[in-house]
Amino acid sequence: LLRSDGRAVPCGHNCVWNGFCWEERRLPALHGGLTYVQVAAGVCHNLLLRSDGRAVPCGHNCVWNGFCWEERRLPALHGGLTYVQVAAGVCHNLLLRSDGR
């Protein structure tokens, strides 16, 4: 949930199965006056958009490659680009950049 003060609050089953046990997932802390401006919920992960235009994944941000779990990282941005909108699906994320791509 996104609060009016820009903080995000988890609710529900905030754990993921790591292959051995259930692990609680915490939302990343914000510092320096940053706030969250958008949140998107996937099946086992969340995607949070910060006020500085950076996107932050949280939760089970991995995919099975047939042999092991691989962590998926968000694409790095260069040249002053930021993210302006985020969406989270079952096993994917969509991120809209400030240049419209």
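What follows is a set of questions and answers about this predicted model.

Reader: What does the protein chain consist of, in helices and strands?
Author: There are 0 helices and 9 strands in the protein chain. Read from the N terminus, the elements go β-β-β-β-β-β-β-β-β.

Reader: What makes S3 and S4 a pair?
Author: Two strands count as paired if there are at least two bridges between them. Strand S4 (residues 45–50) is joined to S3 by 5 bridges, and the two run antiparallel, so by that rule they pair. One example is Tyr 36, whose bridge partner in S4 is Arg 50. Another is Gln 38, which stands opposite Leu 49. S3 and S4 also form a hairpin, with 3 residues between them.

Reader: How do you know that S4 pairs with S5?
Author: By the count of bridges again: S4 and S5 share 5 of them, in the antiparallel sense, and at least two are needed. His 45, for instance, has Gly 59 as its bridge partner in S5. The hairpin of S4 and S5 has 4 residues between the strands, and Gly 53 there takes a positive phi near 85°.

Reader: Which strands form the open sheet, and in what order?
Author: The order is S3-S4-S5, with antiparallel pairing. Neighbouring strands in this sheet are turned by 20° against each other on average, ignoring direction.

Reader: Why are S3 and S5 said to stand at the edges?
Author: Strand S3 (36–41) and strand S5 (55–59) each have a single partner strand, so one side of each is left without a neighbour in the sheet.

Reader: Why does Arg 50 count as buried?
Author: The cut-off for buried is under 20% relative accessible area. Arg 50 comes out at 14% relative accessibility, so it counts as buried. Arg 50 lies in strand S4. Leaving out neighbours within four places in sequence, the contacts of Arg 50 are Leu 30, Leu 34, Thr 35, Tyr 36, Val 37 and Val 56.

Reader: What makes the link between Arg 50 and Asp 52 a polar contact?
Author: The limit for the N or O atoms of such a pair is 3.5 Å. The side chains of Arg 50 and Asp 52 are joined at 2.5 Å, so the distance is within that limit.

Reader: And Arg 73, is that one buried or exposed?
Author: Exposed takes over 50%, and Arg 73 has 68% relative accessibility, so it counts as exposed. Arg 73 sits in the loop between strand S7 (69–71) and S8. From Arg 73 to Val 56 there are 17 residues in sequence and 9.6 Å in space, C-alpha to C-alpha.

Reader: How do you know that S8 and S9 pair?
Author: S8 and strand S9 (residues 93–97) have 5 bridges between them, in the antiparallel sense, which meets the requirement of at least two.

Reader: Which residues make up the largest nonpolar core?
Author: That core has 7 residues: Ala 40, Leu 47, Leu 49, Ala 55, Tyr 83, Val 86 and Ala 88. At least two residues come from S4 and at least two from strand S8 (83–88). S8 gives the most, with 3 residues.

Reader: What does Tyr 83 contact, neighbours within four places in sequence aside?
Author: Tyr 83 is in contact with Leu 49, Gly 53, Ala 55, Pro 75, Leu 77, Leu 95, Leu 96 and Arg 97. There is also a second, separate core of 5 residues, including Ala 8, Leu 27, Tyr 36 and Leu 48.

Reader: Where does Gln 38 lie, and what does it touch?
Author: Gln 38 is in strand S3. Residues up to four places away in sequence aside, Gln 38 touches Leu 2, Leu 47, Leu 48, Leu 49, Val 84, Gln 85 and Val 86. A polar atom of the Gln 38 side chain lies 2.9 Å from the backbone oxygen of Val 86.

Terms used. Residues numbered from 1 in each chain as written. Predicted model: local features only at pLDDT ≥ 70, side-chain atom pairs only at ≥ 80, totals over all residues. Heavy atoms only, no water. Axes fitted to C-alpha atoms, helices over the stretch in contact; angles between N-to-C directions. Core = buried A, V, L, I, M, F, W, Y, C linked by side-chain atoms within 4.5 Å. Buried < 20%, exposed > 50% of the residue type's maximum accessible area, 1.4 Å probe, protein only. Contact = heavy atoms within 4.5 Å. Polar contact = N/O pair within 3.5 Å; in protein donor to acceptor, adjacent residues only side chain to side chain.
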